[in-house]
Amino acid sequence: MLSGAGALVGCTLLAPQRKSARLDEIAAGNRDIVLTAQEHDFALGSDKAWLYGERPFAVLRLTKGEALSVTLKNALAEHSSIHWHGVRGPNAMDGVPYLTQLPVQPGETFLYRLTPPDAGTFFFHPHCNTAAQLGRGLVGALIVDEPDGHWNDDVVLMLKDWRLDDAGRFLPFFTESGASRAGTFGTLRTVNGVAEPVIDLRAQGGVRARLINADPSRIAEIGVEGARARVIAIDGNPVAPFVLDTWKLGPGMRLDLALDMTGDEARLLDYFAAAPVLLATLRAGSQSGTVADPAVAAPVDFSDAWHHTLKLEAAVVANVLPQPAPVVLPDGRRIEIADSLCLAAGTFWTLDGQSWPGRDHARLPPPLFSLPRGRKVVLEIENDTSRAHPIHVHGHTLTMLSANLLKRPVHRADTVLVLPNERVTVGFVADNPGNWMIHCHVIEHQETGMMGWFRVS
Ligand code: C2O
Ligand code: CU
């Protein structure tokens, strides 16, 4: 596979004048990795960023079947954790404070140990005070290679905006006007932590580009010019390949493209705005040749599934909680949540008629539903709001079955973008025991009510 770090060092020595926008990769398979969440000098601003490494973003790469062993060291002044977004891991490793573990306090460590069951493009981030922690840079990529996957090049492209003022200081990550609308947007758009980067590819054909929308708020409508681009995986799950026209990539979503360059350069664009925005320029390498697409999993039959309608709504009145449920952590400890870092200051949104408790509701709400292990579930996600919501389910892989507004191919995903007033039907098999989050990945929506959890036992 790629020797990312080694290759990058070589590159830097040969061309010290240009900063490479390829990310260093950490070979993480069957090795003990330490990630320190810490303040760090930041090339884009005068404030310090919060990072897992020296610069944005850490990339962990392993091969399916290998174990991931990551010790999070918290060198920040507030608690944190790591959630492995999209990975169907054990509940105790899911990184959700109070639901699956206690928060990792300043100075503490936590060992995450799991063997990801699926190959694909994943990412990781904290799960409390996420608007600020992710906003300042605490996010990384987790790539799980297919054992038999051979690409001429395989490149990670992390999309994330930064909220900086003219002096390079961070602007507030949470605003009432943003949280109650489409989210608070960054002021500087970057790919791999560089504005409008040039990214050198090692090949001109058979290139796998792994796009990760790590932004807390912005939906990008991805398109590519100057290359034949086929979508080969969605949220890391192989899909019957189709030609990319444009694809709406909401926060938390990933898109894997197979690229064959038609010239020396291709451009990655966002068509969401009136005029397309240049995100990155990709420069072709010399290697060519085609590559076999990853195998697509067999479809699941959901005809005998339990059905549930999940309404996404704006909160009209302050939400009164039913009796709060004590939560039992995977290690058996019973706890209640009462922590301002994990609770919103206000409530603008509801999921299934209930808001995650804000203000004085300093308790964990009861689960949205409880399922016996192995149950098939069909969720009709009904968006009764004028905003788009990327709805993310932990610990399971969804099958996107149908939608009444935007036609998408049947595919598997862990985060589905539900457009304003759209109704999207997804199915999944509740085969992973534990307490699992389901929430909007526009982080300010999540933190102001559009978040809940369900139990599989
Ligand atoms: Cu990417 Cu619950 O998170
Ligand atoms: Cu939302």
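Student: Where does F57 sit?
Tutor: F57 is in the loop between β3 (49-51) and β4 (58-63). Strands here are DSSP runs of E, at least two residues, and helices are runs of H or I, at least four residues, numbered from the N terminus. This is a predicted model, where local features need pLDDT of at least 70, side-chain atom pairs count only at pLDDT 80 or more, and totals for chains, interfaces and linings use all residues. Residues are numbered from 1 along each chain as its sequence is written, chains are lettered from A and ligands numbered from 1 in the order in which they are written, and side-chain values use heavy atoms, leaving out hydrogens and water.

Student: OK, what kind of peptide bond joins P56 and F57?
Tutor: A cis one, with omega about 10 degrees. For background, most peptide bonds are trans, and most residues other than glycine have a negative phi.

Student: So which residues have a positive phi without being glycine?
Tutor: Y98 is one of them, with phi near 75 degrees, and N129 is another, near 50 degrees. Y98 lies in the loop between β6 (83-85) and β7 (109-114), while N129 lies in the loop between β8 (120-125) and α2.

Student: Is Y98 buried or exposed?
Tutor: Buried, at 11% relative accessibility. The cut-offs are under 20% relative accessible area for buried, over 50% for exposed and partly exposed in between, with a 1.4 Å probe and protein chains only. N129 counts as buried too, at 19%.

Student: Switching to the metal. What holds the copper ion?
Tutor: The copper ion (ligand 2) is coordinated by H389 (ND1), C440 (SG) and H445 (ND1), at 2.0 to 2.1 Å. Donors are N, O and S atoms within 2.8 Å of the metal (3.2 Å for Na, K and Ca), and sites may look incomplete because water is not among the atoms.

Student: How are those donor residues spaced in sequence?
Tutor: The pattern is H-x50-C-x4-H. H389 is in strand β27 (residues 389-393) and C440 in strand β32 (residues 434-440), so this pair ties together parts that are 51 residues apart in sequence. H389 is buried, at 0% relative accessibility, and C440 is buried at 0% as well.

Student: How many cavities are there?
Tutor: Four of 30 Å³ or more turn up in a search of the whole structure. On a 1 Å grid over the protein atoms alone, a cavity is a set of points where a 1.4 Å probe fits but cannot get out, while a pocket is an open set with protein on both sides within 12 Å along at least five of seven lines; lining residues have an atom within 4 Å of a point. Points are joined across faces, edges and corners, and the volume is the space filled by probe spheres set on them.

Student: And what lines the largest cavity?
Tutor: It has 14 lining residues, with R163, F173, T184, P216 and S217 nearest its centre. The space inside is about 100 Å³. Strand β10 gives the largest share of that lining, three residues.

Student: Last one: what does L259 touch?
Tutor: Among others, Q204, V207, A229 and L282, not counting residues up to four places away in sequence. Contact means heavy atoms within 4.5 Å. L259 belongs to strand β18 (residues 254-261) and is buried, with a relative accessible area of 1%. Its C-alpha is 4.7 Å from that of A229, 30 residues apart along the chain.
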